[in-house]
Amino acid sequence: MVDSALRVQQAAALHRQAAALAEAAGNALDADGTSPDPREQHRLAEDLRAAAGALAPGWLGAPLDAQSVNTPLGGVYPPQFVRLGAAQLLDDARFPAIVPLLGTGHLTIDATATDSRVFGLLRSILLRLLAAAPAGSLLVRAVDGIGGGEVFAPFADLRDAGLLSPPATDRQGLRDVLAEAEKWLRPGRGVAPRRTRRDRMMLVVIASLPELTEGEELRRIAALAQQGPDSGLHLIVAGWPPPPLTAETTQAPLPRTTMVSVRNPYAVIGDPPGATFGSTPDVSWLNAPVFLDEDPPPHLIDSVCRELAAHSAAASRVTLADLLPEPGEVMWSGDAAEGLSTVVGHDGDTPLALRFNDLTPHWMVGGRSGAGKTAFLINVLYGLGARYGPAELAFYLLDFKEGVAFAEFVPTQGERTWLPHARAVGVEVDREYGLAVLRELNAELSRRFTAYERAGVSTLKELRVAAAEDGLKRPLPRILCVVDEFPVLLSGSDPVATEATTLIETLARTGRSCGIHLVLASQNTTGVSALYAKRDSFFGQFPVRIALPGGGDVLEPANDSAAGLPLGTAVVNTAGGLGGPRGATRGHERIIRFPDPHADEELLSDLRHKLWGARDPESQPPRVFAGYAHQHLADDPAYRAALAGRGGSPAALVGRTLDVNLSTAAFPFGASPGRHLAIFGSQASASEVLDAAARSVAAFHQPRTARFVICSLVAEGDRLAEALAAELGHRQDVVRVDRDGLAAELDPERPGYRVVFGLDAMAPESLPAFLRDGPARGAHLLSWWRDPRQFTAGDAVAGLLFLNVPPAEIGAVIGEPVEWLPRPNRALLHDRQSGRMVTVLPFLDPGAGDDRGGGA
Ligand SMILES: Nc1ncnc2c1ncn2[C@@H]1O[C@H](COP(=O)(O)OP(=O)(O)OP(=O)(O)O)[C@@H](O)[C@H]1O
């Protein structure tokens, strides 16, 4: 960062030098107006050349026709003096005529760029300033009403870099440039900025005023001239003052300006603002004819512009570091009592902070696939996570689409760290899991409301104070729930959609007062028909709309400001997406640039480790749900407890339920009728669940206290049956039987478990009696059926688990219609006696090849 004090010192020194130069020039030129002594003039010209070389070094003052393309670009900020041409004392006594511009004031020329000398001068000044200013620090806004922008044509390479605007050629274009320049005038812009990025200047170059320019625009130009220099705004206006057509358009010289008057063949340069070239009060110009610099060689402009464009493309990129607190700031210094705030991107050169508070409680983010939604959300999470500690802020993160969007916030095998704010993270989540998270958040909402009532307060801030007075050590944190691709959860009319919609509406309407905030993101929000029906009551809760490329539907239909956005940019609207008249300044809407957080993996990794390292060592990692991960019995806490003798009454553990804690899905046995388990599914995964169910129930029994009869009636079950028998044999009494042996073992009088693979191949005649009378005597059946249509046991089996079974066939077994989507790695568990029906992640055999890896 350029140190501001240093800059002020540099500027003061330059000013002193300038005053000395002006005085020297004045003394010399005025010394003897009639017959100058040639030797004296030569000596003076030499002194002035030396002074000019010091004030306007390199690109700023060198003759451009001899300048090498290899001269390095850049220099001090700002480049203060610039050469306009050669002042001539005698035919052979010349010195560079330089004037202060950037950092001081403006320049006007009394002829437009239609005069070839002005045309050349503008190009040479522009080239000098662009080449000498640190790359990217000078933004040029161009206007050329008469010449159509010709004078700026060779600088076109700078347009993509945002350093040069396409020249405005009509009155509206001029107005737009003036509006942009007026925005540049910000209170405090002259104050030492915090970041290098803000050390920029805007130079408005008017080569000729457009036709129909009126008094209003002329007055705006004069006002900019008056106020601009303090905010880093400077003007070069060719054709000023404009021809006085009417009294209204008659203009005074611009304030704070050096005026150039073009004569033939030379020009006269007036005194710079606040200084004088002359030694006597009646001379207010440089007392020597000046031959203005000519159009620079095209290859020189070309090579400078290319290099600048390349530089600035790299330098103008916003990085994740720009969104984080300053390196010197204390991490987690934010207080969430009144809200949360983080920088989401840059509007021009200004960081844009957005808030979660009473006024802007929830945000909605839209953007087509690949528009950078995940990148944007991750920026927000790291930005908040670096500012607020986990005691102030907790995250619930849900991603309904395929991919690993939030996976970087949870521990993995290769990376043990996690984001300490994350309470629950779901990647590729099921709707049921999303629903479970919403239920948990709504329960928290109710708890907070109860706490408000008890404490007699109405805001989170007051509640935190009351809780602290009651001796609560940790403040109540704000909660941020981010849901990516939220329409997946809410669309449709099934029970999940209906309940989720109600819950999310409650959170949206009442969460703000309890410090619970939502960010909903999607490629397309139009599918959320249920919510659109209640448009105002729901969408009205989301005043912050962020439209990424292709995400215009989070804005009001008439607001097309997101059209044509490039990747890495977004429209941020804080008025619920409302637009406004085209071209009008919209205080509630900004276009920002935001970074790809993964562009600098090293920075990200450092940040992750820093945040993780700062956590409370007692804190738990987030509860994680990775929709693609397979679940294994060996990792299950209920199974481990059973093995350790703390299992309670015997149950078959079949998988993990889709709730926030991924609680174990168990089917308890017992003495009531029907306590048998049937598992349905044509694929091997169903047999693997039977294997897990048998192992788990065995774990509930003390060693050598339970009897297991194991039978495989189909080839697909033989391997598992054999391995199961060997395994269980270490702990319990195990008998392996074939088809005939099974018929004999289906004796309800004999307690123990019958484990049958492929019972659909042949259901023995003794089965119904066993099913009916067995449970009362401690005899239970655990069976796998490849084909549910062969299932004839009816109500006699209470525990039913379906893997890849179509809903119609499930309905036939259960006896009522079922809405369920069969999909890999999911099963539907139904207990006829409790009526409970839940989706579970079934326990699969870890040895059977889990190519997606990772436990949950
Ligand atoms: N600000 C940015 N600048 C440059 N590239 C970016 C930026 N943000 C994201 N990208 C890149 O664009 C690609 C898509 O980004 P991202 O995954 O965030 O999009 P998305 O909207 O979440 O997409 P989808 O909805 O398909 O998951 C990524 O390769 C990412 O690296």
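Q: What makes strand 10 and strand 11 a hairpin, and which residue in the turn has a positive phi?
A: Strand 10 and strand 11 form a hairpin with two residues between them, and Gly348 in the turn has a positive phi of about 60°. Helices (H or I, at least four residues) and strands (E, at least two) are DSSP runs, numbered from the N terminus. The model is predicted: local features need pLDDT of at least 70, side-chain atom pairs count only at pLDDT 80 or more, and totals for chains, interfaces and linings use all residues. Residues are numbered from 1 along each chain as its sequence is written.

Q: Why are strand 22 and strand 25 called edge strands?
A: Ten strands form an open sheet of mixed pairing, in the order 22-21-30-29-28-23-27-26-24-25. Strand 22 (664–668) and strand 25 (733–737) each pair on one side only. From one strand to the next, the twist averages 25°.

Q: In which sense do strand 28 and strand 29 pair, and over how many bridges?
A: Strand 28 (residues 799–802) and strand 29 (residues 827–831) pair in the antiparallel sense over four bridges. His830 in strand 29 is the bridge partner of Leu800.

Q: Why is helix 4 called roughly parallel to helix 5?
A: The axes of helix 4 (residues 171–184) and helix 5 (residues 215–227) come within 11 Å and cross at roughly 30°. Angles under 35 degrees count as roughly parallel, over 145 as roughly antiparallel, 65 to 115 as roughly perpendicular and the rest as oblique. Helix 4 and helix 5 are therefore roughly parallel. Axes are lines fitted to C-alpha atoms, for helices over the stretch in contact, and angles run from 0 to 180 degrees between N-to-C directions.

Q: Which residues make the contact of helix 4 and helix 5?
A: Residues count as in contact if their C-beta atoms, placed from the backbone, lie within 7 Å. Helix 4 contributes Leu174, Arg175, Leu178, Ala181 and Glu182, and helix 5 contributes Glu217, Arg220, Ile221 and Leu224. They divide into five nonpolar, no polar and four charged. Here Ala, Val, Leu, Ile, Met, Phe, Trp, Tyr, Cys and Pro count as nonpolar, Asp, Glu, Lys and Arg as charged, and the others, Gly among them, as polar.

Q: What makes helix 17 roughly parallel to helix 18?
A: Helix 17 and helix 18 (residues 715–729) pack at an angle of about 15°, with their axes 10 Å apart. That angle makes helix 17 roughly parallel to helix 18.

Q: Is the crossing of helix 17 and helix 18 left-handed or right-handed?
A: The crossing of helix 17 and helix 18 is right-handed, whereas that of helix 4 and helix 5 is left-handed. A crossing is left-handed if the near helix is turned anticlockwise from the far one by less than a right angle, and right-handed if clockwise.

Q: Which residues around the ligand are the closest?
A: Among the 17 residues that surround the ligand, the closest are Ser369, Gly372, Thr374, Ala375 and Gly568. A residue is near a molecule or strand if its C-beta atom, placed from the backbone, lies within 6 Å of it. The shell has five nonpolar, nine polar and three charged residues.

Definitions and conventions: Contact = placed C-beta atoms within 7 Å. Pairing = 2+ DSSP bridges.
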